[in-house]
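Subject: Structure handover

Hello,

Here is the structure for you to look at. My notes come after it.

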Amino acid sequence: MQDRQKVINLLGLAQRAGKLISGTETILDELKRKRVKAVIMANDIQDNTAEKVNLATKKDNIPLITAFLLQKYHMQLVRNVRF
């Protein structure tokens with residue numbers, strides 16, 4: 001199994017366990033509440049959205065991982081992603 005597919009499978013498992021959130025506003029709200037351990041961000045999102053998330057994660061020293069193309073992998077990553 002390829003590494004990318006392993007990551008997608010793990011993200012699906014995290015979602016089923018209720019440990020995965022999606023949507024920019026939800027993520028920013030949860031970052032403010034100090035409930036986020038890490039952020040995985042698609043590398044093809046809008047620049048202003050990426051900047052908001054980047055600043056919020058740097059503020060609290062939260063790991064930010066930029067991976068995947070949203071258009072290519074969003075159906076595999078999570079079923080109910082909010083854009």
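What follows is a walk through the fold, the helices, the core and the salt bridges.

This is a predicted model, in which local features need pLDDT of at least 70 and side-chain atom pairs count only at pLDDT 80 or more, while totals for chains, interfaces and linings use all residues. Residues are numbered from 1 along each chain as its sequence is written, and side-chain values use heavy atoms, with hydrogens and water left out.

**Overall fold**

The protein has four helices and two strands. Both kinds of element are DSSP runs numbered from the N terminus: helices are H or I with at least four residues, strands are E with at least two. From the N terminus, the order is α-α-β-α-β-α.

The protein has 83 residues, and 29% of them count as buried. Buried means under 20% relative accessible area, exposed means over 50%, and partly exposed is in between (1.4 Å probe, protein chains only).

Now the contacts, defined as heavy atoms within 4.5 Å. Take those with a separation of 6 or more: 70% of them join residues 24 or more positions apart.

**Helix H1**

H1 covers residues 3–16, which is 14 residues. At 1.5 Å a residue it should span 20 Å, and its end C-alpha atoms are 20 Å apart, so the two agree. The expected span is 1.5 Å times one less than the number of residues.

Ile8, Leu11 and Gly12 are buried in H1. They cover an arc of only 100° around the axis, which puts them on the same side of H1. The arc is taken over the directions from the helix axis to the C-beta atoms. An α-helix has 3.6 residues a turn, so residues three or four places apart point the same way. Asp3 and Leu10 are exposed, on the face of H1 turned away from its buried side. After H1 comes Gly18, with a positive phi near 80°.

**Helix H3**

H3 runs over residues 47–59, 13 residues in total.

The buried residues in H3 are Thr49, Val53, Ala56 and Thr57. Seen down the axis, they fall within an arc of 95°, so they line one face of H3. They pack against helix H2 (24–32), strand E1 (39–41) and strand E2 (64–66). On the other side of H3, Asp47, Leu55, Lys58 and Lys59 are exposed. Asn61 follows H3, and its phi is positive, near 55°.

**Nonpolar core**

Which residues make up the largest nonpolar core? There are nine: Ile27, Leu28, Leu31, Val36, Val39, Met41, Val53, Ala56 and Ile62. A nonpolar core here is a set of buried Ala, Val, Leu, Ile, Met, Phe, Trp, Tyr and Cys residues joined through side-chain atoms within 4.5 Å. H2, E1 and H3 are the elements that give two or more residues to this core. The largest share, three residues, comes from H2.

Val53 is worth a look. Leaving aside neighbours within four places in sequence, Val53 is in contact with Thr24, Leu28, Val39, Met41 and Leu64.

**Salt bridges**

A search of the whole structure finds three salt bridges. The criterion is a side-chain nitrogen of Lys or Arg within 4 Å of a carboxyl oxygen of Asp or Glu.

Glu30, Arg33 and Arg35 are linked in a network. In the Glu30 to Arg33 bridge, the closest N and O atoms are 3.4 Å apart. The Glu30 to Arg35 bridge is 3.6 Å, N to O. Glu30 is buried at 15% relative accessible area. Arg33 is exposed at 51%, and Arg35 is exposed at 56%.

Asp60 forms a salt bridge with Lys34, with the closest N and O atoms 3.0 Å apart. Asp60 lies in the loop between H3 and E2 and Lys34 in the loop between H2 and E1, so the pair ties together parts that are 26 residues apart in sequence. Asp60 is partly exposed at 26% relative accessible area. Lys34 is exposed at 59%.

Best regards
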